[in-house]
Every structure is written in structure tokens, then in C-alpha cells.
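Please work through the exercises below with the sequence and the model at hand. Each task is followed by a solution in steps.

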Amino acid sequence: MTKGGAALDDPSRTAAVDRSGMLSAVAGLGGQLRRGWDLGRSAACPREWGDPQRHDAIVVAGMGGSGIAGDVVRALLRDHARSCIEVSKGYALPAFSTPETLVFVVSYSGDTEEALAVYEQAQARRCRTVTVSAGGRLRELAEAAHGVHVDLPADAPMPRAALGYLVGGVVGFRGLMEPDPQEVAATARLLDELAARWEAREPMGRNEAKGVAAWLGERTPLVWGSEGLLEPVALRWKNQMNENAKIPAFWSVLPELDHNEVEGWSPDTAKGVAVIALRHPGEHPRVAERFALTIELASSAGLEVREVHAEGSSPLERLFSLVLLGDFVSTYLAILRGVDPTPVPVLTDLKERLRR
Ligand code: F6R
């Protein structure tokens, strides 16, 4: 680990560590969202599938960097959708699924065994099944069945670097109601602006993403989100810290953490941990009060807390602005640690062993 983060302003070091170009993939989030939305919008499907009032439930199934698209979609639709939205991360399609259930099976590679298992079950139960991938077995199966498939570009270096495509491909689908096209376009523009502010060329002194990475240093991040909109963002930060920076990380959500986690902090237990608090102006007013009190209590128990704030006015902008910040922070942290952010050798090896 390079001390103080000054190394982040050295382009030759950044290029030497970020060998597969994760920073430029991260910066493309806005463009991906635009493209994914268009692809989801143009997916041809039977008429009743395209009517949001006609699903008895919505299921989004997928794992890891693809599965998080389901968490994002649920957070965005929760306050609007008439039907229950379930995120399925595992081998089983929920038992309540019927032929009127809209099931998205999302896997960027198209080869994830849990997603393929859910696809088989959704087909067997004649659900309204939409596959979302950039190829792989999932696309082959969907094509063979003449199913509805959202075919994503295969140019992202890793599934977790394809989140804009994945979320856009699902929320663009006509059978969902939110968000509207203007909101998507405004979000993509905002993400382009933010990427320009946080890219490697912008020096530490005016680059929030580099600043947060240097502040975290060698400590273990604990990411706090707030109920609803920022739950998936806290999880995304944690996962990106694991996969990009290759460090352990944890996440929790207010108000729930006020009912358990707060009891665990003391000068002894807080050693080596740093809290990132994700904030947005649409928090429930009591959550905002809880944040203030919780931060005060945590600080007096020896935890250092740093707040970061969402940008934009719509839920989509707020959610994605903080996703983008976490993507940059975790990539800069990898660079500070001298670790190439892109490859994930341990999880690749695990998949390989399971395949044998
Ligand atoms: C790798 C990554 C992983 C994968 C997961 C599922 O970048 O983020 O978490 O997303 O192993 O694979 P896919 O997304 O191809 O279904």
C-alpha cells in the first residue's frame, strides 16, 4: 500500500497496475445505461408481457455482479410497482411463480449455473421469462426456445463492470413502469459528468473518489446505506471492495443497524475499521435523524465515519451517482494496493473447480 494516496496522481503507476483498464470501464457507466435501456426497450415480447398491470409478481434472478442489477431494480420499483418484486440469488425460482410472473434471468456471461437453473424452472412453469446476457449458454437456450432475450454488448471486461447494461436492459423492458426515458437520459448525462470529475487525470486535491480511497487506506470498510434506495448501493460498494480492491468489506442499512450493530462498537472493536455513510436528500426524516445520532455514537466509540452524498434530483440519479463513486473508490484502492482490479482469480478458480 502506497502511503497517503499520492501514487494515484502518477499516470504511469496507474497504467502499470490497472492493466486491463478497469478505470475506463468504470467511467463508461452512463453510456452503458443509455445503451442497455435502448436494448431493453426494443426487446420484442408478447403484448400482455409489456403491460406492467398484468404480472402477478416480478422476479429478477442472477448472481454477483449480475445479481446486483436485481437489487437495484427492486429499490427503484418498490415504491411504484403494483406487484411484489423478488430478487433471487441462488438455484431456486420462488415457489409463488406462475405463468403470470415476469421472470428476468440475468447473467452477463450467460454461463452462471445458478441463473441457468432458475431459467430451466421458469421455462418449466411457463413464466414470462426474459433472459438478459451478453451471450453464453443462456442466450443459446433462449434462442432455441424462441424466447425473449435482451442481448447486451460483450465489451465490458467483467460482469461487475457491466452494471449499466444490466440495469438498463431490465428497467428498459416495457413490462416495467419506472423510470421514464427522460430520467434515464438525465442520469446518463450526470454519470458522464461525474466520471470526468473522478477520472485519473483529476488530481487528488479535487477528486473525491481518490480522496475517499486514500482516507480508507488499509482499514476495512464498513458501508452504511439507508433503507430502500441506497440498500443496493451499500451492497455494491461492499462487493466492489471485495472484487476490485481484493479486501474484506461489510455493509449494513439504517434504520436496521440501530437495532443491533450499534451495540458492537467500542474503542477495542472499532480498530482498523472505517465507515462510509452513503447519504441522499430523500431519506426518511427519521432516518436522517438516526444518521446524525448513530454517527455521534459510533464516533464516541472510536469509529471514524466519512459521509458521501448522492448527486442529482431523481432516485435513479441519486442511486447511480453513488454506485459510480464506489466503483471509482474501489478501483483506486486496488491501485493504491498495487493490485490489478480486473481479474478475480479466486472466484474464477472456484467456478472452474465446480465445473470439473
Ligand atoms: C465478476 C463478477 C461476479 C459475477 C458472478 C456471476 O466480475 O462480478 O460477481 O458477476 O460470478 O457471473 P455472471 O454475472 O456472468 O452471471
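Predicted model: local features only at pLDDT ≥ 70, side-chain atom pairs only at ≥ 80, totals over all residues.

**Exercise 1.** Determine whether the radius of gyration of the protein chain agrees or disagrees with that of a compact globule.

*Solution.* Begin with the chain length, which is 356 residues. A compact globule of that length would have a radius of gyration near 21 Å. The protein chain has 20 Å, and therefore the value agrees with the globule rule.

**Exercise 2.** Describe the make-up of the protein chain: its helices and strands, its buried share and its contacts.

*Solution.* First, count the elements: the chain contains 13 helices and 9 strands. Next, consider burial: 54% of the 356 residues count as buried. Finally, take the contacts between residues at least 6 apart in sequence; 80% of these join residues at least 24 apart.

**Exercise 3.** Locate R279 and decide whether R279 is buried or exposed.

*Solution.* R279 lies in strand β8, which covers residues 273–279. The relative accessible area of R279 is 11%. Buried means under 20%, and therefore R279 is buried.

**Exercise 4.** Identify which residues surround R279, and which side chain makes a polar contact with the side chain of R279.

*Solution.* Leaving aside residues up to four places away in sequence, R279 touches several residues, including L230, F291, E307 and H309.

Definitions and conventions
Residues numbered from 1 in each chain as written. Heavy atoms only, no water. Helix = DSSP H or I, 4+ residues; strand = E, 2+ residues; numbered from the N terminus. Rg over C-alpha atoms; globule rule 2.2 N^0.38 Å. Buried < 20%, exposed > 50% of the residue type's maximum accessible area, 1.4 Å probe, protein only. Contact = heavy atoms within 4.5 Å. Polar contact = N/O pair within 3.5 Å; in protein donor to acceptor, adjacent residues only side chain to side chain.
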